[in-house]
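Please read the report below alongside the sequence and the model. It takes up confidence before geometry.

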Amino acid sequence: MIRRGVLVALLVSLVAACAGPHLGDNYGRRTRAALDAQRAGGREGGMAIDGDDAVQVMQQHRAAPSAGGSYQTGAAVTPASGIGGGMSSSGATTTPITPIRLDAVK
Amino acid sequence: MRRRDREHGGVLPLLLGMLLILAVAFFGATTIGRFVVARQEAQRAADATCLAYGTIIRTEGMQVLSEQQRRAEVVGRANTTLTVLFDWSVPPLETATAVELTCRAIARVPAPSFIWAAGTIDAIGEAKGRAAQETITDAEKKYPQLTLVLDYSGSMAAGMGGVRPPSVDQDSFHVLRNAAMTLLNKDYELRYGLVIFATGIRYTTDNVRLGNDEIMKEKVMADWKCPYRDDGGGCMTASAAALQQAQNLLDDPALPSTEKKYVIFVSDGLPTVPRNNPQGRARQMAGALWDMGVTIYTLHVINSASVTPLRNFMISVSGPPDHRGVETVTNPDGTTARYYFNVNDEASMNEFFDEIGGALACSIGPLDPGPAAGQVDRMRVFTKAQGGRETQIMNARLAAPPANEIGDLWDDDLTFRNSDFFLYDAEDKMLYVTPRVCDRVQQQHEPVVIRFASTQIVL
């Protein structure tokens, strides 16, 4: 009986120990998502925030690709191999960095 | 008979007298003839010497005059069969518009000493040569006018290349700020302006002027809420408003109209503000910039998977006024000038800003009347020190390899900058010179003397 009690206590402790950070992480993300959703809602001129808004913002924080606009953050693009004509995973060729000289006269 | 005796022998003195007169007349006529010929020879020698002296001064400037005169004398002597001497007692008379040369050649003609006690007559030929020149005492420095337009929108919080940044200090926003500081810390002498934007203009300098880089260093690193906090509009991307503000700054009538104007537009996202046709509005503003002669460089910060739409947009607002909406332009000399750039990591971002160079210019002129088309290559330019000694400024167009653009004279990577060179712009009749020459004119007040016309004999 005592053994079973100790075992249960250990299991509960383990679950709690593991769950804590995850809950915290999720809590942080959700809070941030909610704030961002409010902000996004603010842009819409007071429109009600729905679940899609939160999902969209969460996707942004999870580095998922999203539609255009200023919130194209976190997309999983492998950096091109240096400069000078490398290819990024998105298929775009990075341009060579040629020196720019700003001349004073026409 | 008596009368006859008296008359006997009376003819002899008369005859002797007549012989004497005839002898004097003969020697006199001969000497005068030789003198006339010698006078012509001396004049020819003087003319040739003056022309040669004028050419030497035009090509070398006024150096050690006695040495230059000796060389001119060689030319003079080659133009006569007589032995001539030269008299340089009248020094060159210089004004702002000409150098007047007085050249005197002397041919000594032997003469009967019973007539000319010295035994010689000096046949003097004198010539006056006029070498036209222009003298300019002022030089004006010209500076590139550059407005940096930096995107601080929310998406700049993403990592470069679209990967999650190891820390917030390595996201696109921080990488951009640090790279921009690299440029500003170079302390280039540029007329700087700055526009920081997100949903709207977060910061702008009051104007575009020299010395703005100090305040810009502070403002680039300041907290403008975006990209991490809300600026009241969600840290969107108001590219059109930013380009319009750049146009306002560069359209300042106080700015010299002859200087080149540039915008470096940095963004990581398609325009989202205003709601109605944001890309079209931004392109419209780019068109307004081109209309006022602004060259637009764009830097596309790749930090998302969606690259092509932004690339297309950025290229559409890139280019010089005469090649609008282009990624690159092939120059007449075969080189390629790039106007659209993209970067996807910190190293390439730093390299972009590090590779920006400023090429000032120092103008002298305009020349009035300036050389004709055929005289440009024979034009010689000098600075004149206080003692009158002239230092020649070389024509960079005739150097090997030659300079092709005025900016080449101040380019750190080329050989002209640390020497005395000039370039002549025939269109506006302006001379452009390297920094050393500019400093001599501006700080040591040495006038610039320009010579291109041939010497003319005026007497």
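## Basis and confidence

This is a predicted model, in which local features need pLDDT of at least 70 and side-chain atom pairs count only at pLDDT 80 or more, while totals for chains, interfaces and linings use all residues. Residues are numbered from 1 along each chain as its sequence is written, and chains are lettered from A and ligands numbered from 1 in the order in which they are written. The model has an ipTM of 0.80 and a pTM of 0.73.

The pLDDT (the predictor's confidence in each residue, from 0 to 100) has a mean of 93 in chain B, where 98% of the residues reach 70 or more. In chain A the mean is 52, and 15% of the residues reach 70 or more. Helices (H or I, at least four residues) and strands (E, at least two) are DSSP runs, numbered from the N terminus. By element, confidence in chain A is lowest in helix H2 (residues 51-61), at a mean of 50, and highest in strand S1 (residues 100-103), at 94. Over residues 19-28 of chain A the pLDDT stays under 50, and the model has zero contacts there beyond four places in sequence, a contact being a pair of residues whose C-beta atoms, placed from the backbone, lie within 7 Å. Where pLDDT is low, the predicted coordinates should not be read in detail.

## Helix pairs in chain B

Axes are lines fitted to C-alpha atoms, for helices over the stretch in contact, and angles run from 0 to 180 degrees between N-to-C directions. Angles under 35 degrees count as roughly parallel, over 145 as roughly antiparallel, 65 to 115 as roughly perpendicular and the rest as oblique. The axes of H2(B) (residues 11-60) and H3(B) (residues 65-78) come within 8 Å and cross at roughly 140 degrees, and the two helices are therefore oblique to each other. Residues of H2(B) including Ala45(B), Tyr53(B) and Ile57(B) take part in the contact with H3(B), to which H3(B) contributes, among others, Gln68(B), Ala72(B) and Arg77(B). By class, this contact of H2(B) with H3(B) has nine nonpolar, four polar and three charged residues, where Ala, Val, Leu, Ile, Met, Phe, Trp, Tyr, Cys and Pro count as nonpolar, Asp, Glu, Lys and Arg as charged, and the others, Gly among them, as polar.

H4(B) (residues 172-184) packs against H5(B) (residues 212-220) at an angle of about 170 degrees, with the axes 10 Å apart, so that the pair is roughly antiparallel. Here Arg177(B), Ala180(B), Met181(B) and Leu184(B) of H4(B) meet Asp213(B), Met216(B), Lys217(B) and Val220(B) of H5(B), and the contact has five nonpolar, no polar and three charged residues. For H6(B) (residues 239-250) and H7(B) (residues 278-291), the axes come within 8 Å and cross at roughly 15 degrees, which makes H6(B) roughly parallel to H7(B).

## The sheet in chain B

An open sheet of eight strands in chain B has the order S5-S22-S18-S19-S20-S21-S17-S6, with mixed pairing; two strands pair if DSSP finds at least two bridges between them. S5 (134-136) and S6 (140-142) of chain B stand at the edges, each with a single partner strand, so one side of each is left without a neighbour in the sheet. S5(B) is joined by three bridges to S22(B) (residues 448-451), and these two strands run antiparallel, with Glu134(B) opposite Ile450(B) in S22(B).

Technical notes
Contact = placed C-beta atoms within 7 Å.
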